[in-house]
Structure formats: structure tokens, C-alpha cells
Amino acid sequence: MHLTVVSSLDSQCREAATARLGRTHANSVVVLHDLLDGSLVMRRVYRGGQLYERETTVLEHGCLSCTVNLDVVPTAERLAACGFDHVVLGLPPGVAAGMAVAELRRGLSQPAVMDNAILALDPVDLDDHVWDRHTLFESGFTSMPEDDRTSGEFLIGEFGQVDTVMLHPGLGAELSGNPRVGSEEWVAGVELLGQLAPHAAAISAADDFRSGCFDDAEAAARTRPGVVRLPLDDSPGSFRTVLHKAGRPLHPGRFREALPQLAAGTHWLRGRLWIASAAKTRIAVQGIGPRVWLESTGTWLADAPTAGRNGKVGADVDAVLDWHPNYGDRGTVLAITGRSEDIDPQEIRALLEGCQLTEAEMELDFGVWEDPLELSEAL
């Protein structure tokens, strides 16, 4: 059996994408799941564009993960047993493709080929989604009050997981009667998408779709906290991505002062930090629209007991490429994406270089600094 997983925040985009995907194989079936108020799951199954089955189920604990485990996975299992060669799973809004793929891998009794993980999106809405301060619950995307993710956090996470982004006018365009395809806002949204998800194929209605290009290992590598992937085309348009590296540890106090300036006006800030007061800890930093946070991702490979003679045993691609003869994989790497007029490479370089320890400070014991950074705090 072949599987295709479709995530989205917009039901109109999701249904357009799944309908198209249902025509990519001769014997396909499309399943749409929605989690409604009161822990009610609605499941609709389509075959050849016609409604084949419609059921509702009340879950004891209504949440997105329970919906996947208790209805999405069993439905895929049942449809495979019915002889369908290809099942397209339109996930409830807010359900991450990576979570669904992992649960399908674990929960299906027979191996399945994961053809694609796809995000369905109206590019006109992308900029607003990134900057929206409301949670998914507050915006009405999920029925779970405890879901405190923003739409920008959900989409940035999905960009790392998926291999394809299918572009279609969303519910807002449908209600207004203005499809907006090809408009200035549409073109700008597609350009921003190219900066945020450079690996993904952006497919509109007139474009060819390439089936069977999902890669678990690539998705895992892209989504590891602290990893940086850059657009192939670095020529600035309406949006740009700037990369800067700092070879020496950062002074914790100076970096804390500089972080709001680095994040100001940026759509996406991401990378890894070498902080003097936590010198053996690889710290990931991420900023999506108005939120910025830090998290520990463990020990640098150069400080690991099993690092080996060159410190590279088990190293990921980023560690190998950035390996320093003296510092190993330690170092600061930051990528910042935003509007070209808001992103000044010289200012970013000056801010980060000013955060590095001076030659005199490098001679001191790193323990002299107390770390004022709260890793779990959103700025």
C-alpha cells in the first residue's frame, strides 16, 4: 500500500490538495479527518471524487494525537485491507505530518510506502500566519484550548517535514470570491515560501506533481533543532536569508542584549549557539515571527565521551562540514530570514562579532560568567 499524508491549517486548501492526489494512482481513496468540539472526530472517505463513507466517533480523550492513533491509523489499516493501492490522508488542521508519519510507521501491521508528506497552503496567507500572535486554538484552527502553538510555529515545523507544498486559494479567498492566484500578494508568498522551505517543491494547479519523493532521513535531518538549511539562490528579492557564523564562544550577557535586535523584524531566526557560560552545551535558537526561544540539545560532539580521535564519530552533516581543528563542532551558526529591507547583513555581523569573547576573555575560566539566559523563555 502507498500512503500520502496532507497537513494544513486551511480546510479549503487541504481538500483541493487531497482531491488532486486522489487521482495520482488508479486505485486511490481519500480520507478527510476533522476533530470537532466535544472530542468528536468526523471522517469522510471519497473514492473517485464521490463520498464513499461518512462516520463520526467520540473519543474519550479528544486531542490531535489521539485522533491520529485511534482513527487515522486504524482507517488506513482498514482501507489497505479493502484492497486500495493508495490512501491519501487529509489530516485534521494542526496535526503535524511528521507525527502522523511516525504513528503510521508504528501502528500499521503491514509495511507501507510513504509516497509524500505534503503541506496544503494559500501563499497569500503565509506572511500573516508567521506574524500571528494568537494560538491555534484562539484562531479556531484546533478545538484544543491547551494547543498554544501559533500558526507560524506550525507552518515552520511543517516546512521541515514535508517534501511538497501544494498551493491553492484558501477559505478566505473562497468566501471573498477573489482567488488571488497570480496577484502581487500570491507571488510574494511564494517567494517567502522559497526562503522558508528551499527543499520543497511548490506546486500550483498548473504545475506537475512528482510522487514518491518523501525521505524520512532527510526530514529528520532538516528538523533537528539547531540545523540550518539555506536557499540555493541567495540573490535578494522581496525576502532574503542571511547566514553568519561566530568561531569563538559568545558572552552570555552581551548576547542576551543583542538577541532582541537580531530577532526584530525577522520571519525566521534559527541556528545553534556556543555560549561561554554553558560551553559544553549545544544550544538551539529559534525565532518565528514574534516568538523567540532557546533550548538545550545536549553536548557538543567534541565534548562527548565517545567522540573518538577526531571527535566525529556519529557526527551529523552540519558537524562534519563545520568541524574546526581546535573547537570541533562548537561554534555559533545563525540564519535569519526576513524582508530584504529589514535584514542588514553588516548589522547582523557586527552584533554577533560584538558578542564573541575577546582574546582577553578567552584566557579566563568560562565559569566566571553566570548564564542569564532562560532556555525555555520566549522573548
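1. By class, the lining of the largest pocket in this predicted model is made up of 17 nonpolar, 9 polar and 8 charged residues. The space in the largest pocket comes to about 670 Å³, and 34 residues line it, with I156, G157, G160, T223 and Q286 lying nearest its centre.

2. As to where that lining comes from, at least two residues each are supplied by the helices α3 (97–107) and α5 (151–161) and by the strands β10 (266–273), β11 (281–288) and β12 (291–299). Among these elements, α5 gives the largest share of the lining of the largest pocket, namely 8 residues.

3. The second largest pocket holds about 270 Å³ of space. Its lining consists of 15 residues, and those closest to the centre of the second largest pocket are A19, V30, Y46, G48 and G49. Two or more residues of this lining come from each of α1 (11–21), β2 and β3 (40–47), and the largest share, 4 residues, is that of β2. Sorted by class, the lining of the second largest pocket divides into 6 nonpolar, 6 polar and 3 charged residues.

4. Strand β2, which covers residues 28–36, also contains S28, a residue that a reader new to this structure may wish to look at in some detail. Is S28 buried or exposed? S28 counts as buried because its relative accessibility is 8%, whereas the limit for that class is under 20%.

5. With the side chain of H86, the side chain of S28 makes a polar contact at 2.9 Å, while the backbone oxygen of H25 is reached by the S28 side chain at 3.3 Å.

6. The phi of R180 is near 65°, which is a positive value in a residue other than glycine.

Definitions and conventions:
Residues numbered from 1 in each chain as written. Predicted model: local features only at pLDDT ≥ 70, side-chain atom pairs only at ≥ 80, totals over all residues. Heavy atoms only, no water. Buried < 20%, exposed > 50% of the residue type's maximum accessible area, 1.4 Å probe, protein only. Polar contact = N/O pair within 3.5 Å; in protein donor to acceptor, adjacent residues only side chain to side chain. 1 Å grid on protein atoms, 1.4 Å probe; cavity = no way out; pocket = protein on both sides within 12 Å on 5 of 7 lines; lining within 4 Å. Points joined across faces, edges and corners; volume = space filled by probe spheres on them. Nonpolar A, V, L, I, M, F, W, Y, C, P; charged D, E, K, R; others polar.
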